[in-house]
Amino acid sequence: MTKLPPKPTNVGERTRIVHAGREPFEQHGFVNTPIYRGSTVLYPTTDDLLHRRGRYSYGTKGTPTTHALETAWTELTRAAGTVLAPSGLAAVTVALMSCLKAGDHLLMTDSVYLPTRQFCEGMLKKFGVETTYYDPQIGAGIAHLIQPNTAAVFTEAPGSQSLEMQDVPAIAEVAHRHGAVVLMDNTWATPLLFPPHERGVDIAIEAGTKYLSGGSDLLLGMVSANERCFKDLRKAYEAFSMCPGAEDVFLGLRGLRTMALRLREHERQALDLARWLETRPEVAQVLHPALETYRGHEIWKRDFKGSSGLFSVILKPCSDKALAAMLDGLALFGMGYSWGGFESLVIPFNCASYRTATRWAPGGPALRFHIGFEDLDDLKRDLDAGFARLREADAEAA
Ligand SMILES: *Cc1c(COP(=O)(O)O)cnc(C)c1O
């Protein structure tokens, strides 16, 4: 075959995302790596089999399809390596299991994704790992919570639903001084808006279900790690045999190529709607890190390259009935868990019942929005009619 020119390594993010993990001339020139399905990998000779010679050894350990996404994600995050998982939560759990053992202590942000918290309270506790929750906005103050057996500090910025910003570099600096591993759930920003390993994170988790997919049509997780942590991460991945389905990985690769463009549009649409919501008389506060008025905005500006499509609002006090009247009548906003797709979503939420290090008492009902690609005027009209229903239901009750 003709010799191919070497790929340039010093390229921009958008070039990287188009080229990462693709080797067309390894598959007859076709642009994308196809879906390899398979358990058994054949070896040509006994000697090859006994020494497991070759790039692939068994379906659970990897295929050209999973290898393509792992390679791309490693390039994008500038990590030492990546493992995939069948969901975002599976990615969180394999990451935690890779760096903790019985007798260890874990520091966990109080604003963490709720199922992550449930994993700590259930599985980690059962296997002898103790978790302490900390105020997400603690910054370098985390030093006071470090114990001799603190093995890991888990961050998530901004926080799930409540959107608190975290000073990840400050937390990482303290954690590293005490020898602890720093993990981050980076699903909100993706490595495109927050380069985790450049900001002090050792193990970064991404729910590929969200922005990698972009279509609400797959479940996937990615975990990238630096030199310090990748070996143990890969060991945990193999121990749990945490392999995702081939089709989901293929769809993840497809989503990857347009992720930068989609994120920019999510950012534009969400910021426009967040600013509009700030002007509404029914809204007490908009929780969006890119708004100048937001606590933690300065940290966001320092560490992040942009914002995504997810934010929350606190409404002025109203009855449950009025809130339901608003939400039940929305024609364009879907109500449901997960996010990151092309369509706009809203859910009511309340963190009060499970927070332990901080108190969630915002003074009114809270809504989380994910803004998709619809016409903004249509979305505003839908919400405007919703607010009218809310006011009407409250007036009737009074
Ligand atoms: C959705 C989500 C997850 C879990 O992803 P799944 O694929 O749904 O398991 C983890 N962390 C955050 C921040 C999420 O939003």
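# Ligand site and selected residues

In this predicted model, a polar side-chain atom of Lys-210 lies 2.6 Å from an oxygen atom of the ligand. The protein covers 89% of the 380 Å² of accessible area that the ligand has on its own. The space that the ligand takes up is the largest pocket.

**The ligand and its surroundings**

- Thr-109 belongs to strand β2.
- Thr-109 counts as buried because its relative accessible area is 0%, and the cut-off for buried is under 20%.
- The side chain of Thr-109 is joined to the side chain of Ser-111 by a polar contact of 2.9 Å.
- Asp-110 sits in the loop between β2, residues 105-109, and α5, residues 114-126.
- Asp-110 has a relative accessibility of 0%, so this residue too is classed as buried.
- The side chain of Asp-110 has a polar contact of 3.0 Å with the side chain of Arg-117.
- The Asp-110 side chain also reaches the backbone nitrogen of Ala-357, at 2.9 Å.

**Tyr-211 and its loop**

- Tyr-211 is located in the loop between β6 (203-207) and β7 (221-225).
- With a relative accessible area of 0%, Tyr-211 is buried.
- A polar atom in the side chain of Tyr-211 lies 2.8 Å from the backbone nitrogen of Gly-309.
- Tyr-211 and Ala-260 are 49 residues apart along the chain, and their C-alpha atoms are separated by 9.5 Å.

**Helix α12**

- Helix α12 covers residues 320-328 and includes Met-326.
- Asp-320 is in helix α12 as well.
- Is Asp-320 buried or exposed? Asp-320 is exposed, because its relative accessible area is 69% and the cut-off for exposed is over 50%.
- Met-326 is buried, with a relative accessible area of 0%.
- From Asp-320 to Pro-365 there are 45 residues along the chain, and 8.5 Å between the C-alpha atoms.
- Met-326 and Met-108 are 218 residues apart in sequence, with 35 Å from C-alpha to C-alpha.

**Backbone geometry**

- Which peptide bond is cis, with omega near -10 degrees? The bond is the one from Ala-157 to Pro-158.
- Pro-158 lies in the loop that runs between β4 (150-156) and α6 (168-177).
- His-28 is not a glycine, yet its phi is positive, near 60 degrees.
- The position of His-28 is in the loop between α1 (13-19) and α2 (46-50).
- His-28 has a relative accessibility of 78% and therefore counts as exposed.
- Thr-190 is another residue other than glycine with a positive phi, of about 60 degrees.
- Thr-190 is part of helix α7, which spans residues 190-193.
- Thr-190 is buried, because its relative accessible area is 0%.

Definitions and conventions. Residues numbered from 1 in each chain as written. Predicted model: local features only at pLDDT ≥ 70, side-chain atom pairs only at ≥ 80, totals over all residues. Heavy atoms only, no water. Polar contact = N/O pair within 3.5 Å; in protein donor to acceptor, adjacent residues only side chain to side chain. Areas by Shrake-Rupley, 256 points an atom, 1.4 Å probe, with all protein chains shown as cover. 1 Å grid on protein atoms, 1.4 Å probe; cavity = no way out; pocket = protein on both sides within 12 Å on 5 of 7 lines; lining within 4 Å. Sits in = over half its atoms within 2 Å of the grid points. Helix = DSSP H or I, 4+ residues; strand = E, 2+ residues; numbered from the N terminus. Buried < 20%, exposed > 50% of the residue type's maximum accessible area, 1.4 Å probe, protein only.
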